[in-house]
Amino acid sequence: MPALEPQWLRETLAQVRAAYPGGIPDGDLDVVLAALWEGCSDRNFALVVETLTGVDRHVAYGVHVVAAARTASRERQRVAWVHAALAEHGWDPDAP
């Protein structure tokens, strides 16, 4: 986890934790990451992946960005559901 988390990262993590109080089920992780990817720059997305999964941000940048793009295009309905669940807790992919 980054030593100094930016405010947007703390807020994103809080929203994810509120939407998934029991943790993200293994079968949903790719869809959740794809939903978050759609609201982040690739660099910021890599920080989210690192913080949520422990995967190094450099690996996340190279691997998870591509996986998120694929999942987002294949799992539109599930990604939309995650968007709605996160939005209930204040997530806004268009926020600055």
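**The whole chain**

Keep in mind as you look around that this is a predicted model. The chain holds five helices and zero strands, so reading along the sequence gives the pattern α-α-α-α-α. Its radius of gyration is 12 Å, close to the 12 Å that the globule rule gives for 96 residues, so the chain is as compact as a globular protein of that length. Along the principal axes, the C-alpha trace spans about 35 × 25 × 25 Å.

| Property of the chain | Value |
|---|---|
| Buried residues | 36% of the 96 residues |

As for charge, the chain carries 8 positive and 13 negative side chains. The centres of these two sets lie 4 Å apart.

**A closer look at Q15**

Now find Q15, which sits in helix α1, a helix covering residues 7-19. Is Q15 buried or exposed? Its relative accessibility is 12%, and because buried means under 20%, Q15 counts as buried.

Which residues does Q15 touch, leaving aside its neighbours within four places in sequence? Q15 is in contact with L86, H89, G90 and W91.

Technical notes:
Residues are numbered from 1 along each chain as its sequence is written. This is a predicted model: local features need pLDDT of at least 70, side-chain atom pairs count only at pLDDT 80 or more; totals for chains, interfaces and linings use all residues. Side-chain values use heavy atoms; hydrogens and water are left out. Helices (H or I, at least four residues) and strands (E, at least two) are DSSP runs, numbered from the N terminus. The radius of gyration is taken over C-alpha atoms; the globule rule is 2.2 Å times the number of residues to the power 0.38. Buried means under 20% relative accessible area, exposed over 50%, partly exposed in between (1.4 Å probe, protein chains only). Lys and Arg count as positive and Asp and Glu as negative; His and the chain ends are not counted. The place of a charge is taken as NZ of Lys, CZ of Arg, CG of Asp or CD of Glu. Contact means heavy atoms within 4.5 Å.
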